[in-house]
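Below is a briefing on selected side-chain interactions in one protein structure. The sequence and the model come first, followed by notes grouped by topic.

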Amino acid sequence: VQLQASGGGLVQPGGSLSLSCAASGSIGVMAWYRQAPGKQRELVAAISSGGSTNYTDSVKGRFTISRDIRNTVFLRMTGLKPEDAAVYYCYAHSPTRGMHYWGKGTQVTVSS
């Protein structure tokens, strides 16, 4: 399984950004994690193969995770805050292989 992430960049507070990550192969849960400098990597949002979602409390109502039938996962981020700034990582789990996969991180910077 290979993960190809795109998106990210610099945005002003209150702005929006979208991330996407394409996975090949048999995939179950897909998710986005983030890691800010000096902090542990944290789960931002996850989506099952059936479309069930969960979000960390700090992004509820602002971020939306979705996926398509080709196993591309999207993260729409609105109302961005400086504390959302981090390197965002795409994650995928392959139930058939029992493996966990990570994409290369993409930087999200929120600054005026």
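The side chain of serine 94 lies 3.3 Å from the backbone nitrogen of arginine 97. The model is a predicted one.

**Serine 94**
- Strand E9, which covers residues 86-94, contains serine 94.
- Serine 94 is buried because its relative accessibility, 0%, falls under the 20% cut-off.
- Leaving aside residues up to four places away in sequence, serine 94 is in contact with Val1, Ser26, Met99 and Tyr101.

**Salt bridge between arginine 62 and aspartate 84**
- Arginine 62 and aspartate 84 form a salt bridge through their side chains, with an N to O distance of 2.7 Å.
- Arginine 62 sits in the loop between strands E6 (53-55) and E7 (63-67), and aspartate 84 in the loop between E8 (72-77) and E9, so the pair ties together parts 22 residues apart in sequence.
- Arginine 62 is buried at 13% relative accessible area, and aspartate 84 is buried at 1%.

**Salt bridge between glutamate 42 and arginine 34**
- Glutamate 42 pairs with arginine 34 in a salt bridge, N to O 2.7 Å.
- Glutamate 42 is partly exposed at 31% relative accessibility, whereas arginine 34 is buried at 5%.
- A network of salt bridges links Arg34, Glu42, Arg62 and Asp84.

**Salt bridge between lysine 60 and aspartate 57**
- The side chains of lysine 60 and aspartate 57 form a salt bridge at 2.9 Å, N to O.
- Aspartate 57 is exposed, with 61% relative accessibility.

Notes: Residues numbered from 1 in each chain as written. Predicted model: local features only at pLDDT ≥ 70, side-chain atom pairs only at ≥ 80, totals over all residues. Heavy atoms only, no water. Helix = DSSP H or I, 4+ residues; strand = E, 2+ residues; numbered from the N terminus. Buried < 20%, exposed > 50% of the residue type's maximum accessible area, 1.4 Å probe, protein only. Polar contact = N/O pair within 3.5 Å; in protein donor to acceptor, adjacent residues only side chain to side chain. Contact = heavy atoms within 4.5 Å. Salt bridge = Lys/Arg side-chain N within 4 Å of Asp/Glu carboxyl O.
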